[in-house]
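Subject: Handing over the structure

Hi,

Here is the structure I promised to pass on. Have a look at it first, and then read on for my notes.

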Amino acid sequence: MASLRGGVDESALLPEERSLSEKMAPRRVATFAGGRLAMRRALAGLGIVAGPIGSTSRGAPMLPEPVVGSLSHKEDVAVALAALRAGTENIGVDLEVEEPLRVDISRRVCRPEEIEELGRLGDIERDARVRVTFAVKEAIYKAIDPVVQRYVAFDEVALVFEGESRVAAVLHLDPPGGDFRMELAYERIGGPHGEAMIVAFSRATPR
Ligand SMILES: CC(C)(COP(=O)(O)OP(=O)(O)OC[C@H]1O[C@@H](n2cnc3c(N)ncnc32)[C@H](O)[C@@H]1OP(=O)(O)O)[C@@H](O)C(=O)NCCC(=O)NCCS
C-alpha cells in the first residue's frame with residue numbers, strides 16, 4: 001500500500017495520463033494525479049516500474065496483468081493498494097474523512113437490518129458506524145465491480161460488525177451476479193491536516 005499526503009499537480013502525470021485528465025476540473029486533476037502517483041509507488045513496492053495507468057471503461061485503474069489494485073483519494077490525500085494476483089481475486093480500497101455527518105445518510109447506505117443495529121448504538125458511535133459502513137461498502141464495490149460489471153446499490157450488501165474492527169459482509173446481489181468470499185478490514189488513520197480518516201480494504205474472491 002502507498003499513501004500520499006499533500007497536494008500534487010498534473011506534473012505527476014505521464015503524458016498519456018495527462019491526455020485523460022484534459023477535460024477534468026483542476027481539483028479533479030489533482031486527485032487523479034495523486035491517485036496515479038500513489039499507485040505508481042504501490043507498484044514500485046512490488047518491484048514493478050509502471051508506465052501510464054489508464055482507466056477501464058468502468059472507471060477502475062488499468063493495471064499491469066500480474067497485479068490487482070485499487071485506489072482512493074480525498075482532497076490532498078491518496079491511497080493505493082496493489083498486490084500480485086494470487087488467483088481470481090480483486091481488491092478495493094476506500095478513504096473517507098471522519099467528520100460529523102451533515103445529513104443522516106444511514107437510509108441511503110444501510111439495509112433495514114443494519115438500521116436496526118444502529119438503533120442499539122449511542123449517537124457518536126452510530127455516526128461512526130454509518131461512516132465506516134459507507135467506506136467499507138465502497139471498498140467492496142471496487143473489488144466486485146470487475147466481476148459483476150454493474151452498479152451495485154448500497155442495499156445489496158449488509159455488513160455485520162464483530163468487535164472493534166472486524167467486519168463481515170452478507171451479499172444480496174440483485175440480480176444475482178455470482179458469489180464471493182469477502183475479506184474486509186478498516187482502520188482509522190490521521191490525515192495531513194490532523195483530521196481523522198477511515199481507510200477500508202476489501203478482497204473479493206469469486207467462489
Ligand atoms: C466508484 C466509487 C466507488 C468511487 O468512490 P468515491 O468515494 O467517489 O471516490 P474514491 O476516491 O474513493 O475512488 C475513486 C477511484 O475509484 C476507482 N474506481 C472508479 N470506478 C471504479 C470501478 N467501477 N471499479 C473499481 N474501481 C473504480 C478509480 O481508480 C477512481 O479514481 P480515478 O478515477 O482517479 O482513477 C463511487 O463513486 C461509486 O460509484 N459507488 C458505487 C456504489 C457503491 O459504492 N456501492 C456500494 C455497495 S457494494
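Contact means heavy atoms within 4.5 Å. Helices (H or I, at least four residues) and strands (E, at least two) are DSSP runs, numbered from the N terminus.

Before going further, some housekeeping. This is a predicted model, in which local features need pLDDT of at least 70 and side-chain atom pairs count only at pLDDT 80 or more, while totals for chains, interfaces and linings use all residues. Residues are numbered from 1 along each chain as its sequence is written, and side-chain values use heavy atoms, with hydrogens and water left out.

β4, β8 and β7 form an open sheet of 3 strands in the order β4-β8-β7, with antiparallel pairing. Two strands pair if DSSP finds at least two bridges between them. At the edges are β4 (90-97) and β7 (180-190), each of which pairs on one side only. From one strand to the next, the twist averages 15°. β7 and β8 (residues 196-206) are antiparallel and pair over 11 bridges, and here L184 stands opposite S202 in β8.

The other sheet

A second open sheet also has 3 strands, in the order β1-β3-β2, and the pairing is antiparallel. β1 and β2 are its edges, each with a single partner strand, so one side of each has no neighbour in the sheet. Its neighbouring strands are turned by 10° against each other on average, direction ignored. β1 and β3 run antiparallel and are joined by 4 bridges, with R5 opposite V77 in β3. Helix α2 packs on this sheet and touches β1, β2 and β3, its direction making about 35° with that of β3.

The hairpin

β5 (residues 157-162) and β6 (residues 166-171) pair in the antiparallel sense over 6 bridges. E162 stands opposite R166 in β6. The hairpin has 3 residues between the strands, and G163 has a positive phi near 80° there.

The ligand

There are 23 residues around the ligand, and R28, R36, S72, H73 and E138 come nearest. A residue counts as near if one of its heavy atoms lies within 4 Å of the molecule.

- S72 has a polar side-chain atom 2.7 Å from an oxygen atom of the ligand.
- D94 has a side-chain N or O atom 2.8 Å from an oxygen atom of the ligand.
- E138 has a side-chain N or O atom 2.7 Å from an oxygen atom of the ligand.

The ligand taken alone exposes 930 Å², and the protein buries 84% of that. Accessible areas come from the Shrake-Rupley method with a 1.4 Å probe.

A few residues in loops

Leaving aside neighbours within four places in sequence, S21 is in contact with L13, V29 and F32.

A12 sits in the loop between β1 (2-5) and α1. With a relative accessible area of 18%, A12 is buried too. Beyond its neighbours within four places in sequence, A12 is in contact with E17, A33, L37 and R40.

Two residues other than glycine have a positive phi. E75, in the loop between β2 (67-74) and β3 (77-84), has phi near 50° and counts as exposed at 56% relative accessibility. Q149, in the loop between α5 and β5, has phi near 55° and is partly exposed, at 48% relative accessible area.

Lastly, the peptide bond from D174 to P175 is cis, with omega near 5°. P175 lies in the loop between β6 and β7.

Cheers

How values were computed
Axes are lines fitted to C-alpha atoms, for helices over the stretch in contact, and angles run from 0 to 180 degrees between N-to-C directions. A polar contact is a pair of N or O atoms within 3.5 Å; within protein, one must be able to donate a hydrogen and the other to accept it, and residues adjacent in sequence count only if both atoms are side-chain atoms. Buried means under 20% relative accessible area, exposed over 50%, partly exposed in between (1.4 Å probe, protein chains only).
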